[in-house]
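Subject: Structure handover and findings

Dear colleague,

Please find the structure below, with the sequence. My notes on it follow.

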Amino acid sequence: MSVDNDGAPPALVILAAGRARRYGGCKPLAPVGTHGEAVIDLVASDAVAAGFGTIVLVLGPSTGPAIRYHVEHVWPDAVDVRFATQPEPLGTVHAVLSASDHVGDTPYGVGNADDIYGGAACTQLVTHLRTRPDVNALVGYRLTDAVIGSSPVTRGICQVADDGTLIAVDERRQVTRTPEGGFVAGDGREPAILPPDARVSMNLWGFTPAIHKTLQASMDAATDASEEAEVLLPEVVAESLATNSFSVLPAQGRCIGVTHPDDLALVQAELNRQVAAGERPAKLWSSLR
């Protein structure tokens, strides 16, 4: 059922408490913009321009102080930003639950702090949250639009029904682009060849308040949750699809993120290209001016 939600703009929860072992630094603060802007600056600026109201940053004890200092000194005062703390690295499910006090009982979005989803995809998610607030959503990117560079990555391949409902998410590892422009997974599983048009999850979600019961139940059941045994959002969602329905929103545009140190120059080059092509504004926070 389609519902016109005329309430306050939805919040976007940005998960910024990750440890970034492969990158070796604080990925949300990596300078990638045309004027040296950090990844998290672009993520939030795109979200605000798309219509998200509150930005909720989930921070960890190690990099949290640096991220908060950056945000408080760089972001415009007009941005409604809240800070939540994930005291232990127990995974992305725990991170989302850490933001519960800031999202209340209204639908909201969730995304990573090191993936630049683009304004078009953010707008798609805002529209869904406003018009279908009773349906969970996943923004699904084409695989070819969700890989940058040649280093191996993990991607959740989505199985989607004809009506756009998510059926399953299959985590494939060691995914790389072939010289011919295709993709291959080096995890020893079949099929090894992955189609470029396959829809993949980049952890950009739209959640109804009802999902909290599922997330909390998964944490309660994970008695051994720890830094080495994290409870991860894609896995919990995949296991709950029998009781929780998700609509897959076919993403428009690319999702560019920083996974490996070598990705930094590639992300910078792609953002420069987007600005030069008029696909994104040359200056951040332009929607606030």
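One cavity of 30 Å³ or more was counted in this predicted model. A cavity here is a set of points on a 1 Å grid over the protein atoms alone where a 1.4 Å probe fits but cannot get out. Grid points are joined across faces, edges and corners, and a volume is the space filled by probe spheres set on the points. The largest cavity holds about 40 Å³ of space. Its lining consists of G33, T34, E37, L42, L271, V275, R280, P281, A282 and L284, where a lining residue has an atom within 4 Å of a point. By class, six of these residues are nonpolar, two polar and two charged. In that scheme Ala, Val, Leu, Ile, Met, Phe, Trp, Tyr, Cys and Pro count as nonpolar, Asp, Glu, Lys and Arg as charged, and the others, Gly among them, as polar.

On conventions: the model is predicted, so local features need pLDDT of at least 70 and side-chain atom pairs count only at pLDDT 80 or more, while totals for chains, interfaces and linings use all residues. Residues are numbered from 1 along each chain as its sequence is written, and side-chain values use heavy atoms, with hydrogens and water left out.

Next, the pockets. A pocket is an open set of grid points with protein on both sides within 12 Å along at least five of seven lines. The second largest pocket has about 320 Å³ of space. It is lined by 23 residues, of which G118, G119, A120, E279 and R280 are the closest to its centre. Helices α1, α5 (119-131) and α8 each supply at least two lining residues, and α1 gives the largest share, with four. Helices (H or I, at least four residues) and strands (E, at least two) are DSSP runs, numbered from the N terminus. The lining of this second largest pocket divides into eight nonpolar, nine polar and six charged residues.

Buried means under 20% relative accessible area, exposed over 50%, and partly exposed in between (1.4 Å probe, protein chains only). Not counting residues up to four places away in sequence, E270 touches I148, R254 and I256; contact means heavy atoms within 4.5 Å.

Now the packing. A nonpolar core is a set of buried Ala, Val, Leu, Ile, Met, Phe, Trp, Tyr and Cys residues joined through side-chain atoms within 4.5 Å. The largest one has 58 residues, and V32, I55, L57, W75, I116 and Y141 have the most contacts inside it. Helix α1 (residues 39-50) gives the most to this core, with eight residues. A second, separate core of 33 residues includes V13, V58, A99 and I211. As for I55, its contacts beyond four places in sequence are L12, I14, A47, V48, W75, V79, D80, V81 and R82.

Helix α6 (residues 211-221) has I211, H212, T214, L215, S218 and M219 as its buried residues. Seen down the axis of α6, these fall within an arc of 165°, so they line one face of the helix; the arc is that of the directions from the helix axis to the C-beta atoms. K213, D220 and A221, on the other side of α6, are exposed.

Some backbone details remain. E190 and P191 are joined by a cis peptide bond, with omega about -5°, and P191 lies in the loop between β9 (183-185) and β10 (193-194). Q174, not a glycine, has a positive phi of about 55°. Q174 sits in strand β8 (residues 166-177) and is partly exposed at 45% relative accessibility. N203 is not a glycine either, and has a positive phi of about 70°. N203 is in strand β11 (residues 199-207) and is buried, at 8% relative accessibility.

Regards
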